[in-house]
Structures are given as structure tokens and as C-alpha cells.
Amino acid sequence: THQWRGIIEEYRDRLPVSDSTPVVTLREGGTPLVPAQVLSERTGCEVHLKVEGANPTGSFKDRGMTMAITRAKEEGAQAVICASTGNTSASAAAYAVRAGMVCAVLVPQGKIAIGKMGQALVHGAKILQVDGNFDDCLTLARALSDNYPVALVNSVNPVRIEGQKTAAFEIVDMLGDAPDIHVLPVGNAGNITAYWKGYQEYAADRIASRTPRMWGFQASGSAPIVRGEVVKDPSTIATAIRIGNPASWKFALAAQEESGGFIDEVTDREILRAYRLLAAQEGVFVEPASAASVAGLLKAAEQGKVDPGQKIVCTVTGNGLKDPDWAVAGAPQPVTVPVDAVTAAERLGLA
Ligand code: F0G
């Protein structure tokens, strides 16, 4: 009876729903805010991880999707469509099942992690692999939703942002106030837009005394906002944020400017180093794109941009199981032993 009810019930008065809205939920949100000991030591700050991989389909997208599918249902939609680098499609597919809707997904051919493809498949989505990148998929999804009876559930749909802003509410509710700095990976830039909206709403209503500086990080090979121009052929091992023309570009710039923050880039090498640190030293397994926030924090600290003593939250956006190839790659193959305790003890270094 005390189970977390999902973001719509928990934050109903702050979301665009009415008493008669048919709520479609998997009880998303209520994710852990985990103190990060090693990152705190390295930066001299109080660093927390908002572990969004703990959502029902393993990413923050569920916060937006419960809203998007709920509103699509309310409006009588029978089918939804999204472009995705993987997580949005996994989430849309699951929530569409709950709503009894058809889900169509468009993904860049060969560029989505295996776990995410598995989710879309097992939830019964209609999947097309597009011979192009995410930006091409989004263009196609928009065209289809404009011309056919299918509702678009990408973050260009403003109710997605409404749902995702609840992560900022949870952080303030748990910490008692907004942090000094909030760090996020940036791809299509919907999430940084959503957090900024959430923090601003809580500050306007005096639930928080302030708003944090928003720090966003793109992957170097896919950093249009940092470059100030569209990246035609984006590349990065962090496939979730392999995006060359973010839909919420101008909102991300507004979040940066209004909060006194910045948007910078991190290399794939920096992303993978942070990915391994999170798993091996904090006990938190995330997918590579998620580690861009932590990689960015470490880069900023090395550049002397992080004054000690601050409260910092890094959102880690997706579960490591989504893209396990990077966990296995480069790791030594475990040795095989007979059923023999002496040998096993030797090999484990116990004897
Ligand atoms: N981290 C992960 C794990 C993601 O899946 C995404 C976006 C982001 C970060 C970036 O968030 O786009 O709001 O700036 N994934 C989208 C998708 C594009 O299709 O799943 P953003």
C-alpha cells in the first residue's frame, strides 16, 4: 500500500492531467539518489547520482512516456510513433502495451544497442531500421505523424518534457533544496530542458530557494550545440546520444544561459573511463551515454571549474544492461576451473 505510485499520481497537481485522464503507468520515477563516494572525494564536493536506469524500462524516458501515452490515450489515439536511438523506443513499446496501442519505431540502422532492440521486439513494436541517423528518423517520424493517424511521442511532444521534469522535483524533495550544480548528458536536449523546467517551477513556488547551474555534456563526435552547427554525420560509441541536430537545441541554450551553466563535450575515451569508474568504484552500472555526465564533471574538475564544498547531482540516464557489449569488451575472459575448491581458491588468490 505504500508503493511509489508513478510520477503522474505522485506529482498530479504539477502535470497536465485531469481527474478523468486515463493514467497509463508502470510506476516509473521514485529512482534512487545515490551518494557517490569516489566522485565526492575527487571533486571535494557532495556528489549524488540520480540513477534513472532504475526506471521500469531502464531509462529516464519512462517519465516522459507515461505522460505521452496517457495523453495519447485520452485523445483517442490507437497508434504511436517515435524516432529513437533506442531508449525512447523501448519505453514507448512498453507503455503502448499497457495502453493497448500499436507502437511504431524508427531507429538508425545498426546503431542501437542490443538490449534496447530486444525490448522493442519483445514488447511487440513495429520496428523499421532507417538507412540514416537519428535526425533522419525524427524527420520521418514527424512526417508520418503529420500525415497519418499516429501520435508522435518524441520529446518534441511537450508532454514528454512535463513528465521528465519530475526528476528535478524528486531531487529537491530528497535533498531539501536544489543542488548547486546539475550535470546531464545531452543528445536531443529534451532532458536538460525538462530538468531546467522542473527546477524553475519549484523555485517559483518557493519549494526550492534557488535553481542549480545546468551543465550539459555532448559526445565530441556528436556535439552540435558545442560547435554551434549541425553535425551531418554524428559519431560516438555512446549511441544513445549520437545526434547531430537536437530538436530541443534552443531550450538547451536557454537552460545554459538562464542557469549560468554551460554545455561542453567529452570524448569517447573520457566517457568510457567514467563508465568504468562508475561500475568499478561506485557500484553503479550505466550505459555509456549516461557516463557522459560524470565524464563531464571529472573534466570540469580537472580544469579547475569545480569549487569544493558544492552539492552536485549527476543524472545517469540509462541502465548498463542496455548495452552490455562495452562491459565485456576489453575485460579478461574468466578462467575455467574444475569442481575443486583448492584450484578455485588458488585462482581467486585466496590461497
Ligand atoms: N542518455 C540516454 C541513455 C539516452 O537514451 C538519451 C536520449 C540521452 C541520454 C540524452 O537525452 O535526448 O533528452 O538530451 N535518448 C533518445 C532516445 C534520443 O531515442 O532514446 P536527451
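Student: Is the crossing of helices H3 and H4 left-handed or right-handed?
Tutor: This is a predicted model, in which local features need pLDDT of at least 70, side-chain atom pairs count only at pLDDT 80 or more, and totals for chains, interfaces and linings use all residues. Residues are numbered from 1 along each chain as its sequence is written, and side-chain values use heavy atoms, with hydrogens and water left out. A crossing is left-handed if the near helix is turned anticlockwise from the far one by less than a right angle, and right-handed if clockwise; helices are DSSP runs of H or I with at least four residues, numbered from the N terminus. By that rule, the crossing of H3 and H4 is right-handed.

Student: Which residues of H4 make the contact with H3?
Tutor: Contact here means heavy atoms within 4.5 Å. From H3 come Lys61, Asp62, Met65, Thr66, Ile69 and Lys73, and they meet, on H4, Asn87, Thr88, Ser91, Ala92, Tyr95, Ala96 and Ala99.

Student: At what angle do H8 and H9 pack?
Tutor: Axes are lines fitted to C-alpha atoms, for helices over the stretch in contact, and angles run from 0 to 180 degrees between N-to-C directions. Angles under 35 degrees count as roughly parallel, over 145 as roughly antiparallel, 65 to 115 as roughly perpendicular and the rest as oblique, and H8 and H9 are therefore oblique to each other. Their axes lie 7 Å apart, and the packing angle is about 50°.

Student: How many nonpolar residues does the contact of H8 with H9 have?
Tutor: Ala, Val, Leu, Ile, Met, Phe, Trp, Tyr, Cys and Pro count as nonpolar, Asp, Glu, Lys and Arg as charged, and the others, Gly among them, as polar. Beside one polar and two charged residues, the nonpolar ones in this contact number eight.

Student: How far apart are the axes of H9 and H11?
Tutor: The crossing of H9 and H11 is left-handed. Helix H9 covers residues 190–204 and helix H11 residues 249–259; they pack at an angle of about 45°, and their axes are apart by 8 Å.

Student: How many residues surround the ligand?
Tutor: A residue is near a molecule if one of its heavy atoms lies within 4 Å of it. The closest are Gly187, Asn188, Ala189, Asn191 and Thr317, and the number surrounding the ligand is 18.

Student: Which residue has a polar side-chain atom 2.8 Å from an oxygen atom of the ligand?
Tutor: A backbone N or O atom of Gly187 lies 2.8 Å from a ligand oxygen atom, and one of Ala189 lies 2.7 Å from a ligand oxygen atom. The polar side-chain atom at 2.8 Å belongs to Asn87.

Key: Helices (H or I, at least four residues) and strands (E, at least two) are DSSP runs, numbered from the N terminus. A polar contact is a pair of N or O atoms within 3.5 Å; within protein, one must be able to donate a hydrogen and the other to accept it, and residues adjacent in sequence count only if both atoms are side-chain atoms.
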